Amino acid sequence: MVVFQKPKALTDAVFHYCPGCTHGIVHRLVAECIDELGVEGRTIGVAPVGCSVLAYNYFTCDMIEAAHGRAPAVATGVKRSLPDNVVFTYQGDGDLASIGLCETVSAAARGENITVIFINNAIYGMTGGQMAPTSLPGQITQTSPYGRDVKTQGYPIRICELLSTLDAPSYLARVTVNKVKNVNQAKKAIKKAFQNQLDGKGFSLVEVLSACPTNWGLEPQKALEWIDEKMIPYYPLGVYRDKEA
């Protein structure tokens, strides 16, 4: 009996991510959901600019590379042109919550029938660890060496809470992947977000609190613990919008 195997929706390419980065876990969950829903042949993913810029190397479905922050706009065009296809974006916090915030909010406000996977690791990973829109108050980064000062640099943006003020979104959830129980919950949320699109229910976003050991300056295990100790208190897990409920 097969207990575990690589999802068919993942290629054989070796991930380029740093040791302890949880992008790989989320990639696997997305691929498993695509497999289980039987939609690989009609799924189109939109890759971002950021650590997951090479996502097109890892998924076997069709992929498009979007300009920085424009993935929701690209996904909107693809979905409206090919309404029978399953369209998802895979974006980090710099891509989605900074340069792409307008595209994110606008797509959500229009209720576009797309699925957004949002990786929140509270830092700019690919470019060397600068402060991101999601960096925590007091968090030390390359551009906030004394810690994020909310008096001069403002407060972090809570995307699920922000989008939940809009009328159109169908499903908004925040999950994490730092332990087995949370990985299982994350998969349920991602699968529901894809199923909502198949059912024509509109915009769904799953925010995943993710570890960045390299830029946090922590060992991989400590980075997973940091999610519990620092990130979850500021970014509570849960479902922020579910029109079914």
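How many aromatic pairs does the structure hold? In this predicted model, the count comes to seven aromatic pairs. One of them joins Phe15 and Tyr17, whose ring centres are 5.8 Å apart; because their planes meet at 50 degrees, the pair is tilted. Phe15 is partly exposed, at a relative accessible area of 32%, whereas Tyr17 is buried, at 13%.

Tyr17 also pairs with Tyr58. Here the ring centres lie 6.0 Å apart and the planes stand at 55 degrees, so this pair is tilted as well. Tyr17 belongs to the segment before α1 (23-37), and Tyr58 to the loop between β1 (43-47) and β2 (62-65); the pair therefore ties together parts that are 41 residues apart in sequence. Tyr58 is buried, with a relative accessible area of 3%. Through these ring pairs, Phe15, Tyr17 and Tyr58 form a cluster.

The charged end of Arg158 sits over the ring of Tyr234, 3.8 Å from the ring centre. Lys192 lies over the face of Tyr171, and the distance to that ring centre is 5.5 Å.

The next element to look at is helix α4, which spans residues 101-110. Its buried residues are Glu103, Thr104, Ala107 and Ala108. Why do these residues lie on the same side of α4? They do so because they cover an arc of only 125 degrees around the axis. The spacing follows a general rule: an α-helix has 3.6 residues a turn, so residues three or four places apart point the same way. Just after α4 comes Gly111, which takes a positive phi of about 70 degrees.

The cysteines remain. A disulfide is a covalent bond between the sulfur atoms of two cysteines. With a cut-off of 2.5 Å between sulfur atoms, the model has zero disulfides. Cys18 is in no disulfide, since the nearest cysteine sulfur, that of Cys212, is 6.6 Å away. Cys18 is partly exposed, with a relative accessible area of 40%. For Cys61, the closest cysteine sulfur is in Cys33, and the 13 Å between the two sulfurs is too far for a bond. Cys61 counts as buried, because its relative accessibility is 7%.

Note on methods. Residues are numbered from 1 along each chain as its sequence is written. This is a predicted model: local features need pLDDT of at least 70, side-chain atom pairs count only at pLDDT 80 or more; totals for chains, interfaces and linings use all residues. Side-chain values use heavy atoms; hydrogens and water are left out. Buried means under 20% relative accessible area, exposed over 50%, partly exposed in between (1.4 Å probe, protein chains only). Helices (H or I, at least four residues) and strands (E, at least two) are DSSP runs, numbered from the N terminus. The arc is that of the directions from the helix axis to the C-beta atoms. Rings of Phe, Tyr and Trp (its six-membered ring) pair if their centres lie within 6.5 Å; planes under 30 degrees apart count as stacked, over 60 as edge-to-face and the rest as tilted. A charge sits over a ring if NZ of Lys or CZ of Arg is within 6 Å of the ring centre and within 35 degrees of the ring normal.
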